[in-house]
Amino acid sequence: MTATGPGQVRIASVDIFRALTMLLMIFVNDLWSLHDIPQWLEHTQADYDGMGLADVVFPAFLFIVGLSVPFAIKGRISRGETAGKISLHILSRSLALITMGFFHVNLGNMQPGLMPLSRQVYEIIMTVAFFLIWNIYPGNGGVLGISSRWLRIMGIAALIMLASLYKGGSMENPVWMRPYWWGILGLIGWAYLVSAFIYLFFRNILWLLALFLLLFCLLNVWEFSSLFGILPKFRLIISASNYSLVLCGIFASAIFQKFTSREKWEWKYAGILILLAVVCILFGFWVRPLGGISKIKATPSWTAICAGISFAVYGILFIMADKYRITRWAGIIAPAGRSTLTCYLIPYVVYPVMTLVGWKWPEALTSGIPGLIKTLVFAWIIVWITGLLEKIHVKLKI
C-alpha cells in the first residue's frame, strides 16, 4: 500500500491503479497462448504507426512507479532517515530490479542445448532465487528453521550458479549473458534510479520537477532527431521515454502534496490531472512524425500519449476512490496492488511448470471470446495466488 507518512491518509487510487495495471500486464502477457483475437488487444509491430491495449500497460506501470516515489521518500524522511540512507535504498532497489531484468532478458536468448539445465528448470531456479533474496521474512526471521540471512545467501549462490552455467547466442557461436535491452524490470530499475534521485534532491519544487520532465521529453525527441539540426542523436543508457513516464508520476504526486491543504482540493487536483492528460495527448500527436506511435521504438509520440492516458485514468480513479471512497469493487484484485513484484514473478514459475508437466489448454480455450475469458481468469488466478502467498509471508519487497 502507498502511505503518505505516519498518521496521514493513504492514497487508495494509487493502489487500485497499480493492481489494475498488474492484472492487465498478466492478461496481455498471456495473449501469446491465444490466436484469432482482436488485433487491438496485442502489441503492435515495431514499424507500425499505432498501438494496442498491450502497448499502454508498461508505460502505465512506469507512471505508477513515479506516483509512489514521493510518498515512499516522504515516509522515510518522517521516520528520521538521512538522505544518505535513502540514497542507499534507492541504489539497492535499482540494482535489484536491474539484476532481475538482466536475468529475464538473457533467459530469452539462452541455448539449452549447450547447458545442463532445461530452460524451464533454469527459469524456476532463477525465480525461486529472486524470492529467497528479496522476500520479506516475518520478524526478520526465516523459514523452516533457516535464518533469512542464509536463505538470501542461498538465493545469491543460485544466481551465481545459473550465471556460471549460462550459454546464449547460437550453437556455433555461444556467448555469455549480456544486456540486450535490460528487460521490463531492468527498464523500471534504471528509470527509478534517476527519477528517485531527482525527487530526493528537489522534493516538491514543482517548477524544477517540471523542468526535469521537459528535459527528458526533449531527450526522447532527441533520440529520433538531431537536436536543432546540430547535435547527433543521443540515448542515456535506456530511452528517455522511461524516465519521462516515471517523472510524470512523480509530478502528479508532487502536485497532490501541494493541494491537500486547499478547499475542495480533490476536484482541483483531478482537474489538473485531466488538463495534463490533454496536453500530453496533444503533444503526442504533434510529434507523431518523429517515428510515429511505437512502443517497441519508445517514440516520443507513444510516450506522451501513454502518459496522457495514465494521467486521465489516475484522475478518474482518484475521484472515485479517494473523493467518494468507492473502493470495495477493487478488493478482488487488491493483492496485485500490495505485492506487485510477487504477482509479476509468479508466472515465471507457473509457465515452466505447465510445460514440464505437459499441460495444454483445451483447443476451445485458445481462441476468440472463450480464449480471452480464459486469459482473464488466468490473470485473476495469479492475483489470487499472490494473496495466498501473502498469508504465508511470501512477499517480495525491494
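Analyst: One term to start with: a residue counts as exposed when its relative accessible area is over 50%, and as buried when that area is under 20%. Also keep in mind that this is a predicted model.

User: OK. Is R328 buried or exposed, then?
Analyst: R328 has a relative accessible area of 82%, so it is exposed.

User: Where is R328 found?
Analyst: R328 is in the loop between α10 and α11.

User: How many residues apart along the chain are R328 and I26?
Analyst: They are 302 residues apart along the chain, and their C-alpha atoms are separated by 22 Å.

User: What about R325, where is its place?
Analyst: R325 is also in the loop between α10 and α11, and α11 covers 334-338. Its relative accessible area is 56%, so R325 is exposed. R325 has a positive phi of about 55°, although it is not a glycine.

User: What is phi of R203?
Analyst: Phi of R203 is near 45°, a positive value in a residue other than glycine. R203 sits in the loop between α6 and α7. With a relative accessible area of 35%, R203 is partly exposed.

User: Switching to helices. How are two packed helices described?
Analyst: By the angle between their axes and the distance between the axes.

User: At what angle do α7 and α8 pack?
Analyst: The angle is about 160°, with the axes 9 Å apart. Helix α7 is residues 206-222, and helix α8 is residues 240-259. The two are therefore roughly antiparallel to each other. The crossing of α7 past α8 is left-handed.

User: Which residues make that contact?
Analyst: From α7, they include L206, L209, F212, L213 and F216. From α8, they include Y243, L247, I250, F251 and K258. By class, this contact of α7 with α8 has 16 nonpolar, three polar and one charged residues.

User: And α2 with α8, at what angle do they cross?
Analyst: Roughly 45°, and the axes come within 7 Å. So α2 and α8 are oblique to each other. Here α2 passes α8 in a right-handed crossing.

User: Which residues are in that contact?
Analyst: On the α2 side, F58, P59, L62, F63 and K74 are among them. On the α8 side, N242, L245, V246, G249 and Q257 are among them. The residues of the contact of α2 with α8 divide into 16 nonpolar, five polar and one charged.

User: How do α2 and α6 cross?
Analyst: Their axes cross at roughly 35° and come within 10 Å. Helix α2 is residues 54-78, and helix α6 is residues 183-202. The crossing of α2 and α6 is right-handed. Contact residues include F58, F61, L62 and V65 of α2, with I184, L187, I188 and Y192 of α6. The contact of α2 with α6 has 15 nonpolar, no polar and no charged residues.

User: New topic: how many residues has the largest nonpolar core?
Analyst: The largest nonpolar core has 119 residues. Those with the most contacts inside it are M100, Y314 and L345.

User: What is M100 in contact with?
Analyst: Leaving aside neighbours within four places in sequence, M100 is in contact with F130, W134, L185, L341, L345 and I398.

User: Now I382. Is it buried or exposed?
Analyst: I382 has 1% relative accessibility, so it counts as buried. It is in helix α14, residues 368-391. Neighbours within four places in sequence aside, I382 is in contact with I26, C343, I346, P347 and V350.

User: How many residues apart in sequence are I382 and M22?
Analyst: They are 360 residues apart in sequence and 10 Å apart in space, C-alpha to C-alpha.

User: Last one. Where is K297 found?
Analyst: K297 is in the loop between α9 (265-286) and α10 (300-323). At 32% relative accessibility, K297 counts as partly exposed.

User: Which residues does K297 touch?
Analyst: Not counting residues up to four places away in sequence, K297 touches A46, D47, F224 and R235. K297 and V313 are 16 residues apart in sequence and 24 Å apart in space, C-alpha to C-alpha.

Note on methods
Residues are numbered from 1 along each chain as its sequence is written. This is a predicted model: local features need pLDDT of at least 70, side-chain atom pairs count only at pLDDT 80 or more; totals for chains, interfaces and linings use all residues. Side-chain values use heavy atoms; hydrogens and water are left out. Axes are lines fitted to C-alpha atoms, for helices over the stretch in contact, and angles run from 0 to 180 degrees between N-to-C directions. Helices (H or I, at least four residues) and strands (E, at least two) are DSSP runs, numbered from the N terminus. Angles under 35 degrees count as roughly parallel, over 145 as roughly antiparallel, 65 to 115 as roughly perpendicular and the rest as oblique. A crossing is left-handed if the near helix is turned anticlockwise from the far one by less than a right angle, and right-handed if clockwise. Contact means heavy atoms within 4.5 Å. Ala, Val, Leu, Ile, Met, Phe, Trp, Tyr, Cys and Pro count as nonpolar, Asp, Glu, Lys and Arg as charged, and the others, Gly among them, as polar. A nonpolar core is a set of buried Ala, Val, Leu, Ile, Met, Phe, Trp, Tyr and Cys residues joined through side-chain atoms within 4.5 Å. Buried means under 20% relative accessible area, exposed over 50%, partly exposed in between (1.4 Å probe, protein chains only).
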